[in-house]
Amino acid sequence: MERLGRLLTAMVTPFDEEGRVDYEQAKRLAVALLDSGSDGLVVSGTTGESPTLTREEKLRLFAEVRSAVGKRGAVVAGTGNYSTAESRELTREAERVGVDAALLVVPYYNKPTQDGLYQHFRSIAEATSLPCILYNVPSRTVTNLAAETVIKLTQIDNIIGVKEASGNLDQVSKIIAGAGREFLIFSGNDSDTLPIIALGGYGVISVASHLVGAQIKEMIERFLAGETGKAAETHRRLLPLINALFLVSNPIPVKHALNKIGFRVGKPRLPLTEPDEKTAAQIEATLKNYRIDLRIAARP
């Protein structure tokens, strides 16, 4: 599964002025992200505002992004939600579209037990031949996917990794120790990328890579090459930008930042709104301190 790459961007979903999905801009963004360091893309994840996208919008996004990037980079489809049956069906449909893998979030709102989580993910994985990446983000889902449950799920052949956004490095360490070398641990928080890789993790599913993808990729490569001091320096330098991108709920800040640098992605969909004036000013002030890697593609 190394073909997925170590740096995947959790891609925002561009909307036009009427709030419709802007598929042409999504294709331009996908290509620009690969050009600026990303190895692949997660489409219709939380950063892509998946709870507000219809099934039809998601499937078309998967297809349009796949057609835009071809074989240049991996396309990971966000197909999980709180319904096991819906997640199974959407994952099967995404496989028919031709994506490379599926991202399956811990079911939110309904607070399943650890056994329920195991059965949920097993059921989805058994419905597809796609590689499946679990997504643990208890700050959003309320429920934590325990290390013991992740390790148990690694026994299912096509569950090949986890996006770990718990912020709990002890938990990450337990997964790495118990899951085996072939299992891929992606950081789900940009600020945890270097610590997780240092523990033996594989890579990151990133938000900040919309703006500084080449710099994040260089940080990862330097660490793996043994240049740990230089990697740590980059990590520290990027932290203020990362923090600015999470001043309020993601993807509000990163969408504002992209619009500000000239890559139009529209407003978030309700119930998310644009940042207030104070937050917007903080984001804009921080942006001025960084070199932006993303190539700005003007609309035709």
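What follows is a conversation about the barrel, the aromatic pairs and the cavities of a predicted model.

Biologist: In what order do the eight strands close into a barrel?

Modeller: This is a predicted model, in which local features need pLDDT of at least 70 and side-chain atom pairs count only at pLDDT 80 or more, while totals for chains, interfaces and linings use all residues. Residues are numbered from 1 along each chain as its sequence is written, and side-chain values use heavy atoms, with hydrogens and water left out. Strands are DSSP runs of E with at least two residues, helices are runs of H or I with at least four, both numbered from the N terminus, and two strands pair if DSSP finds at least two bridges between them. The pairing is parallel, and the order is β1-β2-β3-β4-β5-β6-β7-β8.

Biologist: Which residue of β3 is the bridge partner of Val 43?

Modeller: Strand β2 covers residues 40-43 and strand β3 residues 74-78, and the two pair in the parallel sense over four bridges. Within β3, the partner of Val 43 is Ala 77.

Biologist: Why does the pair of Tyr 82 and Tyr 108 tie together parts that are apart in sequence, and by how many residues?

Modeller: Rings of Phe, Tyr and Trp (its six-membered ring) pair if their centres lie within 6.5 Å, with planes under 30 degrees apart counted as stacked, over 60 as edge-to-face and the rest as tilted. The structure holds two aromatic pairs, and the one between Tyr 82 and Tyr 108 is edge-to-face, at 5.1 Å centre to centre and 90 degrees between the planes. Because Tyr 82 lies in the loop between β3 and α3 (84-97) and Tyr 108 in the loop between β4 (101-105) and α4 (114-126), the parts tied together are apart in sequence by 26 residues.

Biologist: Which element gives the most to the lining of the largest cavity?

Modeller: On a 1 Å grid over the protein atoms alone, a cavity is a set of points where a 1.4 Å probe fits but cannot get out, and lining residues have an atom within 4 Å of a point. The largest cavity holds about 50 Å³ of space, and its lining consists of Asp 190, Thr 193, Ile 216, Met 219, His 235, Leu 238 and Ile 242. Two elements give two or more residues to this lining, α9 (209-224) and α10 (228-244). With three residues, the element that gives the most is α10.

Biologist: How much space lies in the second largest cavity?

Modeller: Its lining includes Ile 252, His 256, Asn 259 and Glu 274. The space in the second largest cavity is about 30 Å³.

Terms used. 1 Å grid on protein atoms, 1.4 Å probe; cavity = no way out; pocket = protein on both sides within 12 Å on 5 of 7 lines; lining within 4 Å. Points joined across faces, edges and corners; volume = space filled by probe spheres on them.
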